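This briefing goes through a single protein model, topic by topic. Please keep the sequence and the coordinates open while reading.

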Amino acid sequence: MIYPASVLALALGALGISESLLAQDRLPDAEPPLVVSWAPERPGEGELFVVRVTELEGDSIVRITARAGDEPLHFARDVQGTFETLAAVPLGVQSQIAMGLTVMYANGREEETEYTILVTPGIYNHRELDVAPRFGSPPDSAQRARRSREARRAAEVSTRSHRTPRMWGNEVVIPREDRTTSIFGQGRVFNGQVSSRHTGMDLDGETGDTIYAAATGMVDLAGQFELAGNNVYLNHGGGLVTAYFHMDRQLVAEGDTVQAGQPIGLIGETGRVTGPHLHWVVRYGWTSVDPRSLLSLAVNE
Ligand SMILES: [Zn+2]
């Protein structure tokens, strides 16, 4: 059945209620009611959030397939029987995001529901530039070809993460306990135009300092890229990817399984950088999100 989700979600949002109770006036043959909720109640622009589906009685749900924005969701059952998945609000999405849910029951019935999730727009202090941004000489055709090849390899990690079952528990560690030198989402403004948003978080360090895996996962890519330098991409499954750029060198190889907190590389200044630091990337699928939203989700579990 299809609910007028935008109306429902807007009404609930106005009341400050994040949970929507489905099937309140059930037909005699309808399935037991379920609760769909998400946290935070109004997820932030460029941030991760968690979606939960709970059956109020029985356990007749066999499977849930879903999408939020352009990304598939991966519901898995926790020990209490609640279905849970990560999801993400892309940078630039400031008012709402659509979520479609298809619930499949043991008796073969399917219910499709659309939701509108209201978003809290991000507040970013973009750097105002007086002169046009300079990137040195424009890339030649060989450099452009290399960059697109490397971008494709990185995107393939995201594709594989959508096909890999979730490997990580709720343990998440910051890959370096150090000063944040540049936050996620910051852009540069010239002539009123925002360009080149910063799609990771920079953590300070000296060349040779240890970088730790943020969560349990698999080393899906250990590359030497033009812009990202020596890098490691971890596929954590269930759509979650973390990546670590500008390493002096990697301490792991493709195919390795790593635990949260395990050393994976050393701080360096390889690739396009002005000094040694870690550029830390967190993605849900192809969507880059603020790494701090991964850390705070883990804390709130
Ligand atoms: Zn950076």
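The secondary structure consists of 3 helices and 22 strands. The model is predicted, with a mean pLDDT of 88 for the protein. Of the 301 residues in the protein, 34% are buried.

**Confidence and overall contacts**

- A pLDDT of 70 or more is reached by 86% of the residues.
- Over residues 1-26 the pLDDT stays under 50, and the model has 38 contacts beyond four places in sequence for this stretch.
- Where pLDDT is low, the predicted coordinates should not be read in detail.
- Among the contacts in the protein with a separation of 6 or more, 65% are between residues 24 or more positions apart.

**The sheet β5-β4-β8-β9**

- 4 strands make up an open sheet, ordered β5-β4-β8-β9, and the pairing is antiparallel.
- The edge positions are taken by β5 (71-73) and β9, each of which has a single partner strand, so one side of each has no neighbour in the sheet.
- From one strand to the next, the twist averages 20°.
- Strand β4 (residues 61-68) and β8 run antiparallel and are joined by 7 bridges. Within this pair, Ala68 stands opposite Met99 in β8.
- Strand β8 (residues 96-105) and strand β9 (residues 110-118) also run antiparallel, joined by 9 bridges.
- As background, the strands of a sheet pair through backbone hydrogen bonds, either parallel or antiparallel.

**The sheet β10-β12-β13**

- A further open sheet is formed by 3 strands in the order β10-β12-β13, with mixed pairing.
- At its edges stand β10 (127-128) and β13 (193-195); each has a single partner strand, so one side of each is left without a neighbour in the sheet.
- β10 and strand β12 (residues 188-190) run parallel and are joined by 2 bridges.
- In this pairing, Glu128 stands opposite Val189 in β12.

**The nonpolar core**

- The largest nonpolar core contains 59 residues, and those with the most contacts inside it are Ala87, Val232, Leu234 and Tyr244.
- Strand β18 (residues 240-250) contributes 6 residues, the most to this core.
- Domain 1 (5-118) and domain 2 (147-300) each supply at least three residues to this core.
- Not counting residues up to four places away in sequence, Val232 touches Val219, Ala222, Ala243, Tyr244, Met247, Gln250, Val252, Ile264 and Gly265.

**Backbone geometry to check**

- Most residues other than glycine have a negative phi, and most peptide bonds are trans.
- His246 is not a glycine, yet has a positive phi of about 65°.
- This residue, His246, lies in strand β18. His246 has 27 other C-beta atoms within 10 Å, and is therefore buried, the cut-off for that class being 20 or more.
- The peptide bond from Ala39 to Pro40 is cis, with omega near -5°. Pro40 is placed in the loop between β2 (34-39) and β3 (48-55).

- Ala260 is in the loop between β19 (257-258) and β20 (263-267).
- Is Ala260 buried, partly exposed or exposed? With 18 other C-beta atoms within 10 Å, Ala260 is partly exposed, because a residue counts as buried at 20 or more and as exposed at 12 or fewer.
- Which residues is Ala260 in contact with, leaving aside its neighbours within four places in sequence? They are Trp168, Glu171, Val172, Val173, Ala213, Ala214, Ala215 and Thr216.
- One of these contacts, Val172, is 88 residues from Ala260 along the chain, and the C-alpha atoms of the two are separated by 6.4 Å.

Definitions and conventions. Residues numbered from 1 in each chain as written. Predicted model: local features only at pLDDT ≥ 70, side-chain atom pairs only at ≥ 80, totals over all residues. Pairing = 2+ DSSP bridges. Contact = placed C-beta atoms within 7 Å. Core = buried A, V, L, I, M, F, W, Y, C linked by C-beta atoms within 7 Å. Domains from an automatic or database assignment. Axes fitted to C-alpha atoms, helices over the stretch in contact; angles between N-to-C directions. pLDDT = per-residue confidence, 0-100.
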